[in-house]
Number of protein chains: 2
Amino acid sequence: MKNIIEEVNFRIKRDGEDLAIAVAQDFKTNEVLMVAFINAEALEKTLRTGKMHYFSTSRKKIWLKGESSRHYQLVREILIDCDGDALLFKVDQQDAACHEGYYSCFFRKIENGQIKVVGKRIFDPKDVYG
Amino acid sequence: MKNIIEEVNFRIKRDGEDLAIAVAQDFKTNEVLMVAFINAEALEKTLRTGKMHYFSTSRKKIWLKGESSRHYQLVREILIDCDGDALLFKVDQQDAACHEGYYSCFFRKIENGQIKVVGKRIFDPKDVYG
């Protein structure tokens with residue numbers, strides 16, 4: 001596991017952290033669910049537990065996806081890109097990925113200079129986050 | 001078009017540039033092709049030409065994907081995530097996305113502590129880049 005982590009190029013520096021980009025994708029449909037950052041410790045926890053952990057650049061800490069919502073992302077497959085600074089996680093998304101209640105964080109489409117909601121709302125954030 | 005660009009949160013600061021994350025995905029299969037950075041000017045050029053432009057953090061300049069290889073990415077759909085700092089481009093990939101000759105830059109899988117090539121090689125980089 002340690003060797004794998006050494007293969008990743010955590011080249012994005014932010015607040016003293018060395019980060020790579022993590023993309024989560026639905027393992028069945030290939031729908032992209034979210035994009036966030038990951039550091040070595042979050043990757044180690046992800047590999048060990050099988051649940052996605054990210055590094056939150058706003059809260060400046062490791063973040064188990066689903067820690068408050070229980071909307072975990074169960075990892076099914078991991079791919080690494082050519083220069084090693086981005087990881088693609090194919091996941092089994094529990095309930096929905098977006099804190100706004102949509103299945104994917106990419107629930108808005110840009111079309112003809114407008115932004116319109118195209119995603120399906122799965123839950124009401126008030127019910128989950130209080 | 002200007003309004004759309006103002007909706008994007010170019011919050012990743014790097015070498016004086018304000019960047020967002022750009023994910024390119026095959027518009028037919030949803031296969032993720034690559035992840036890179038984009039700035040306002042690259043996004044404006046992408047919207048205007050219909051061809052993906054990124055901001056290269058290594059070369060520190062706008063980069064028309066395919067400018068040397070002619071492996072352009074023709075934009076079919078654009079999605080924006082909940083906090084506006086990541087864009088998802090569904091594209092019609094000409095030939096292949098990866099400079100190493102694979103269709104996707106995510107041509108390597110991490111499995112049981114090993115990295116193995118799972119992608120299909122479409123071209124020999126020597127033939128394209130000389």
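## Exposure and backbone of A:D15

In this predicted model, A:D15 has 8 C-beta neighbours inside 10 Å and therefore counts as exposed, since the cut-off for that class is 12 or fewer. The residue lies in the loop between β1 (12–14) and β2 (17–26) of chain A.

Although A:D15 is not a glycine, its phi is positive, at about 50 degrees. Most residues other than glycine have a negative phi.

Strand β4 (residues 53–56) of chain A runs antiparallel to strand β5 (residues 61–64) of chain A, and four bridges join them. Within this pairing, A:Y54 has A:W63 of β5(A) as its bridge partner.

The two strands β4(A) and β5(A) form a hairpin with four residues between them. In the turn, A:K60 has a positive phi of about 55 degrees.

## Hairpin of β8 and β9 in chain B

In chain B, β8(B) and β9(B) are antiparallel and are joined by four bridges. B:R108 stands opposite B:V117, which belongs to β9(B). Two residues separate the strands of this hairpin.

B:N112 is located in the loop between β8 (108–111) and β9 (114–117) of chain B. Its phi is positive, near 50 degrees, in a residue other than glycine. B:N112 is exposed because 7 other C-beta atoms lie within 10 Å, and the limit for exposure is 12 or fewer.

Conventions:
Residues are numbered from 1 along each chain as its sequence is written. Chains are lettered from A and ligands numbered from 1 in the order in which they are written. This is a predicted model: local features need pLDDT of at least 70, side-chain atom pairs count only at pLDDT 80 or more; totals for chains, interfaces and linings use all residues. Two strands pair if DSSP finds at least two bridges between them. A residue is buried if 20 or more other C-beta atoms lie within 10 Å of its own, exposed if 12 or fewer, and partly exposed in between; C-beta atoms are placed from the backbone.
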